[in-house]
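Student: I have a model open and would like to talk through some of its features. Could we start with its pockets?

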Amino acid sequence: MITTNRRQFLQGGAALGAVSSIGDIPVSQSGGDDRLFWVEVLNKVAAPVLRAASQKQLKVEMPVEAPHGNVADRRQFTYLEALGRLLSGMAPWLESGPDAGAEGKLREQYAEWSRMAIESGTDPASPDFLNFNHGNQPVVDTAFLALAIVRAPNQLWHKLDARTQRNVIAALETSRQIQPGYNNWLLFSAMVEAALAVMGVWWDPMRIDYAIRTTETWYKGDGVYGDGPLLHWDYYNSFVIHPMLLTILDAIAPFSPAWTGFQPAMMVRAQRYAAIQERLIGPDATFPAIGRSLCYRFGAFHLLAEMALRRKLPEGVSPEQVRSALTAVMRRMLQPPDTFDPRGWLRVGFYGHQPSIAEPYISTGSCYLCSAAWLPLGLAAAEPFWSGAAMPWTSKKIWSGDPVGADHALQPVELGPGR
């Protein structure tokens with residue numbers, strides 16, 4: 001039975017229309033109000049995917065928008081994209097959210113749906129069995145599913161029955177058939193291996209070693225890695241590179257000390273990149289639409305959200321100002337009424353429905369990486385991120401004429417022993 005409060009959450013959208021104009025985005029004065037808004041956003045985005053997937057109806061219910069006319073091709077991959085990407089951002093909330101109240105009940109429902117979706121998606125006899133090894137794309141979203149499990153091992157691994165656990169392991173192992181590209185994709189293969197280690201089965205140290213050491217050779221300075229040997233002006237340092245490097249290193253540390261020497265330097269670099277990301281959010285909550293994969297929307301702030309969740313934000317960047325900034329970004333990007341289709345599924349675009357902005361690899365499922373911005377929902381409501389008073393973010397201070405310290409590039413950081 002659904003209580004009144006929970007019904008309000010499940011209906012969703014109450015706070016999504018809170019901003020009526022394209023002008024300056026107001027700063028909420030209440031962390032509680034912000035958290036309510038975040039959970040409403042999560043619910044609005046996640047409900048169609050996980051409700052359908054939990055009922056083995058994902059392939060029936062989910063539309064496949066592929067702006068380049070390659071629907072048949074993208075249909076092979078889009079369902080795993082939607083599930084893996086969505087769960088990777090929801091995982092900290094599923095693992096550490098409240099147990100009581102309306103939010104706690106909603107979290108309980110989503111955790112149950114998530115486990116049912118994983119069961120269905122990894123069962124070869126299921127009508128929703130997902131593609132983990134045909135073509136190249138599945139290594140990407142197998143890694144996002146692996147990332148979700150590593151971020152929520154209690155809810156998304158230990159609570160699975162033994163048969164489903166075996167199916168998940170088999171699914172991850174079959175993705176080894178895919179040779180990743182010589183770019184950020186190396187980290188996807190490594191993320192799968194790190195998850196297998198967490199699951200207590202054999203994992204391949206060479207895939208992890210190659211990914212970490214090769215990515216290290218692509219470091220360009222000032223917190224920025226190349227995506228492969230060349231630098232790309234896009235958000236892949238946040239979408240993939242920094243968050244997966246940190247998570248892989250953390251996940252594998254209990255099983256091998258071989259890469260511990262990389263951790264301090266990579267953490268400092270991630271903090272610097274998070275500082276840059278926070279400064280990219282304009283006073284009106286817009287940010288530069290640069291590079292590939294803009295259809296991931298506010299998922300561009302994966303790394304900033306990750307550092308907030310880890311309580312490792314850079315010096316001078318408070319949790320409260322990051323909350324205020326990310327809240328404003330989400331409010332801004334959810335303004336257009338055509339962001340969702342009539343049944344509540346995300347549509348392709350950056351600000352509203354903009355199919356022309358999509359690359360050929362983009363389809364409906366791709367868009368669910370927006371969930372990466374929600375990682376701080378894994379922090380308790382009493383944490384400063386949620387309990388502190390709202391604060392203006394850096395560019396809002398600067399463009400209001402307030403005093404702000406000078407910004408400086410990161411000096412080279414030496415790798416430690418064991419690298």
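Student: Which helix gives the most residues to the lining of the largest pocket?

Tutor: This is a predicted model, where local features need pLDDT of at least 70, side-chain atom pairs count only at pLDDT 80 or more, and totals for chains, interfaces and linings use all residues. Residues are numbered from 1 along each chain as its sequence is written, and side-chain values use heavy atoms, leaving out hydrogens and water. Helices here are DSSP runs (H or I, at least four residues), numbered from the N terminus. Two of them, residues 263-280 and 394-398, each supply at least two lining residues, and the top contributor, with five residues, is H13.

Student: How do the residues of that lining divide into nonpolar, polar and charged?

Tutor: Ala, Val, Leu, Ile, Met, Phe, Trp, Tyr, Cys and Pro count as nonpolar, Asp, Glu, Lys and Arg as charged, and the others, Gly among them, as polar. Closest to the pocket centre are Ala-275, Glu-315, Gly-316, Val-317 and Asp-407. The lining as a whole comes to eight nonpolar, six polar and five charged.

Student: Is Cys-295 buried or exposed?

Tutor: Cys-295 sits in the loop between H13 and H14. Buried means under 20% relative accessible area and exposed over 50%, with partly exposed in between (1.4 Å probe, protein chains only). Because its relative accessibility is 0%, Cys-295 counts as buried.

Student: How far apart in space are Cys-295 and Tyr-368?

Tutor: In sequence, 73 residues separate Cys-295 and Tyr-368. Their C-alpha to C-alpha distance in space is 9.0 Å.

Note on methods
1 Å grid on protein atoms, 1.4 Å probe; cavity = no way out; pocket = protein on both sides within 12 Å on 5 of 7 lines; lining within 4 Å.
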